[in-house]
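Subject: Model for your files, with notes

Hello,

Please find the model below. My notes on it come after.

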Number of protein chains: 2
Amino acid sequence: MVGYHAGWWDAQGAPVAMEGKAVRPALTLACARSVCAGVAADSVLADSVLVAAVAVEMVHDFSLLHDDVIDGDDTRRHRATVWKVFGADQAILAGDVLLALAARQVSGASARVLADAVVELCVGQSADVAFADGDVVTVADCLAMAVGKTGALLGAACQLGALAAGADSGTALLYRTFGRETGLAFQLIDDLLGIWGDPAVTGKPAGADLASRKRSLPVVAALTSGTPAGSELAALYGAAGALDVSRAACLVEAAGGRDWAQTEAAQRTQNALHALTAARPLPSGAADLQVLTDLITRRDY
Amino acid sequence: MVGYHAGWWDAQGAPVAMEGKAVRPALTLACARSVCAGVAADSVLADSVLVAAVAVEMVHDFSLLHDDVIDGDDTRRHRATVWKVFGADQAILAGDVLLALAARQVSGASARVLADAVVELCVGQSADVAFADGDVVTVADCLAMAVGKTGALLGAACQLGALAAGADSGTALLYRTFGRETGLAFQLIDDLLGIWGDPAVTGKPAGADLASRKRSLPVVAALTSGTPAGSELAALYGAAGALDVSRAACLVEAAGGRDWAQTEAAQRTQNALHALTAARPLPSGAADLQVLTDLITRRDY
């Protein structure tokens, strides 16, 4: 099941060629290399760094397996989700095994960092589930959920890479901030793409998040803006039947949701790079990290 | 949710007085004390021992939270299960958090022992779920599942107690064997009680496991016995409608299922005590351990 989920195998266990982005372990490796800038690249890829990167990806896969069950999502990475193929019971257990194996890889301070990220991740998802039935959601609630669901593990990915490369705990905390802020920028941009993204680029229909009445960050900013456009959007979201997607997109924009999210994303990206600069004068080894940050945060929106 | 599950609170968070048996952490503490026999009792309850005991109970609670979702069980400890009260999504996430926090408590060899037990536990449950749709189950399959679902964590509970008290790894492995064999004896006796237990003692209707057509160890031993009674039992289990419980109980007994389970339970108990004796000449500190073993394995059957 895990091999199927990871895209290594089909449901019968035959090899398939599919590659995920593996952004989180890439960040772990790039942060480790950044810490060790000047040291020969090979020696940076010490076992402890690779093990940390693997643990991070296992935690990510654990959370996807459980989230797909919880959210009832049918497809992931262009294929049927594990629970659709093998059943929800098996998907829950496969996630459990991955979490236990991830925890087994790391020790000491790194084990605590990873466990804390898992707790934040689950608390974020739990808040999201609890909000599903029509309560008022504030921008602060929504940002806190995004920190939990996206920022926490990206932060841990970076912090673990730094720790595994021998950074002191203070430096590792700066890498954590880099990862968390990058994660939040990523989520904001993902939410913008969910409304205004080019279907040819995102692979989703235009305005997919609006059609499903998702309370993404720009939407919540609009809903809580106290503007007439925000009120009209709330009425659209509250009405039965199919939603007028292009009207809703205009209302989010008119209520300031798009501007707010773009500004917030830019601020978070700046926070991330600022933390990196504070960690030490930017060494040549941080080039990978900047490429990754660009990849994550400068998508077409 | 976790406080509710543990019996500390009601669903609204108000304190209630309910106590679980806490057999697993009791074993951790008793094994630690056994290793340290002769040392003043207080010094045995070092932080590391208590932390190990807590981690074991957290893993147990994690597995109960997920198992209740998977098995669809409505009640646990005489109350509605967490998923019935808070929803399956929240119960999955609460279990995830407990597993992460349990892993956070232990380090080094102990972390590996605990993670390996979680993997065994989940693999056992996964096999059980996979078997649910009418495949032929052998006694070996059934014993392997019981090792995973009951033996693995009891073994880890004992091994972790020994390690936390400073036992060498070889001695700790003997405590592991003690726990695993005790766990298997417990499961066999639990299965016997599920058929022949006195409802006044078990709190369940007589023959509850037969009424639900559970393929418990004595039942599987009977079904695979190659006897006429075994064949008749298979026909009863395969027929539609309510099952004649007293007839089924007679058939399990006639096919040798009851004898086999009693003999196997006695053998496992003996294996457990033998491992303990091998660990060192039985010290006075092992008295608690023997009381616990008696409590677990010498129930009224």
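Predicted model: local features only at pLDDT ≥ 70, side-chain atom pairs only at ≥ 80, totals over all residues.

Residues are numbered from 1 along each chain as its sequence is written, while chains are lettered from A and ligands numbered from 1 in the order in which they are written.

The two chains

Two copies of a chain are related by a rotation about an axis and a shift along it.

In the interface, 25 residues of chain A are in contact with 25 residues of chain B; contact means that the C-beta atoms of two residues, placed from the backbone, lie within 7 Å. On the chain A side, helix H4 (47-71), helix H6 (88-105) and helix H7 (108-131) are the elements that give two or more residues. Helices (H or I, at least four residues) and strands (E, at least two) are DSSP runs, numbered from the N terminus. H6(A) has the largest share of this side, eleven residues. By class, the side of chain A that touches chain B has 15 nonpolar, six polar and four charged residues, where Ala, Val, Leu, Ile, Met, Phe, Trp, Tyr, Cys and Pro count as nonpolar, Asp, Glu, Lys and Arg as charged, and the others, Gly among them, as polar.

Domains of chain A

Chain A is divided into domain 1 (1-9 + 23-167) and domain 2 (168-281), with bounds from an automatic or database domain assignment. Their centres, taken over C-alpha atoms, are separated by 21 Å. Between them, 20 residues of domain 1 of chain A are in contact with 20 residues of domain 2 of chain A. Helix H2 (23-35) and helix H8 (139-164) of chain A each supply at least two residues of the domain 1 side, and H8(A) gives the most, with 14 residues. That side has 14 nonpolar, six polar and no charged residues.

Helix packing

H2(A) and H8(A) have axes that come within 7 Å and cross at roughly 35° (axes are lines fitted to C-alpha atoms, for helices over the stretch in contact, and angles run from 0 to 180 degrees between N-to-C directions). The crossing of H2(A) and H8(A) is right-handed; a crossing is left-handed if the near helix is turned anticlockwise from the far one by less than a right angle, and right-handed if clockwise. Among the residues that meet are A:Leu27 and A:Cys31 in H2(A) and A:Ala157 and A:Cys158 in H8(A). The contact residues divide into twelve nonpolar, two polar and one charged.

H2(A) also packs on helix H16 (residues 287-297) of chain A, with axes that come within 9 Å and cross at roughly 150°. H2(A) and H16(A) are therefore roughly antiparallel (angles under 35 degrees count as roughly parallel, over 145 as roughly antiparallel, 65 to 115 as roughly perpendicular and the rest as oblique). This crossing is left-handed. Residues of the contact include A:Leu27 and A:Cys31 of H2(A) and A:Leu289 and A:Leu292 of H16(A).

In chain B, helix H9 (residues 169-196) and helix H15 (residues 257-279) pack at about 160°, with their axes 8 Å apart. The crossing of H9(B) and H15(B) is left-handed.

Regards
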